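Trainee: I would like to learn how to read a structure of this kind step by step. May we begin with the chain before us?

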Amino acid sequence: MNNETTYKSIFGTFTRPVENDNKPKTCKACGKAIVFLPTSKGKYIPVNLESYGGESEFYPGVHVAHFSDCPQAKEFRKVKK
Ligand SMILES: [Zn+2]
């Protein structure tokens with residue numbers, strides 16, 4: 001989906017997270033604190049640190065995927081159309 005394309009464009013410069021590496025990182029686009037969590041499909045996605053409570057997996061409805069509210073992602077989407 002579009003979200004994924006945007007995510008790759010903006011976050012593609014991150015080094016691939018090591019398994020069990022849940023250390024907070026910083027979004028290189030907007031500077032917000034994020035954490036990478038694996039989805040049930042095994043893909044890592046950036047999650048807002050404020051929605052993260054120590055879980056080892058991404059839970060929709062619990063965690064907020066950072067690409068859904070990264071201000072830079074929104075700008076990027078507007079520009080691209
Ligand atoms: Zn961001």
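This is a predicted model: local features need pLDDT of at least 70, side-chain atom pairs count only at pLDDT 80 or more; totals for chains, interfaces and linings use all residues.

Trainee: Where in the protein chain is confidence lowest, and where is it highest?

Mentor: The mean pLDDT of the protein chain is 76, and 63% of its residues reach 70 or more. Confidence is lowest in helix α1 (residues 2-11), with a mean of 56, and highest in β2, at 90. Over residues 13-20 pLDDT stays under 50, and the model has 3 contacts beyond four places in sequence for that stretch.

Trainee: Which pattern does the protein chain follow along the sequence?

Mentor: The pattern is α-β-β-β-α, given by 2 helices and 3 strands. Of the contacts with a separation of 6 or more, 35% are between residues 24 or more positions apart. Buried residues make up 23% of the 81 residues.

Trainee: How should I read the sheet, and in what order do its strands lie?

Mentor: In general, strands of a sheet pair through backbone hydrogen bonds, either parallel or antiparallel. In this model, 3 strands form an open sheet in the order β1-β2-β3, and the pairing is antiparallel. The edge strands are β1 (25-26) and β3, each of which pairs on one side only.

Trainee: Over how many bridges do β2 and β3 pair?

Mentor: These two strands pair over 5 bridges, in the antiparallel sense. Across the pairing, Val35 stands opposite Val47 in β3, while Phe36 stands opposite Pro46 in β3. The hairpin of β2 and β3 has 5 residues between the strands, and there Gly42 takes a positive phi near 85°.

Trainee: Which residues touch the most other members of the largest nonpolar core?

Mentor: The general idea is that, in soluble globular proteins, nonpolar side chains tend to be buried together. Here the largest nonpolar core has 13 residues, and Val35, Leu37, Ile45, Val47 and Cys70 touch the most other members. The elements that give two or more residues to this core are β2 (33-38) and β3 (44-48). The largest share, 4 residues, comes from β2.

Trainee: Let us turn to single residues. Where does Thr39 lie, and which residues does Thr39 touch beyond four places in sequence?

Mentor: Thr39 lies in the loop between β2 and β3. Leaving aside residues up to four places away in sequence, Thr39 touches Ile45 and Phe58. The C-alpha atoms of Thr39 and Pro60 are separated by 8.9 Å, although the two residues are 21 residues apart along the chain.

Trainee: Why is Thr39 classed as partly exposed?

Mentor: Thr39 is partly exposed because 14 other C-beta atoms lie within 10 Å; a residue counts as exposed at 12 or fewer and as buried at 20 or more.

Trainee: Is Pro71 buried or exposed?

Mentor: Pro71, found in helix α2 (residues 71-80), is exposed, because 12 other C-beta atoms lie within 10 Å. Pro71 and Cys30 are 41 residues apart in sequence, yet 6.9 Å apart in space, C-alpha to C-alpha.

Key:
Residues are numbered from 1 along each chain as its sequence is written. A nonpolar core is a set of buried Ala, Val, Leu, Ile, Met, Phe, Trp, Tyr and Cys residues joined through C-beta atoms within 7 Å. Two strands pair if DSSP finds at least two bridges between them. pLDDT is the predictor's confidence in each residue, from 0 to 100. Two residues are in contact if their C-beta atoms, placed from the backbone, lie within 7 Å.
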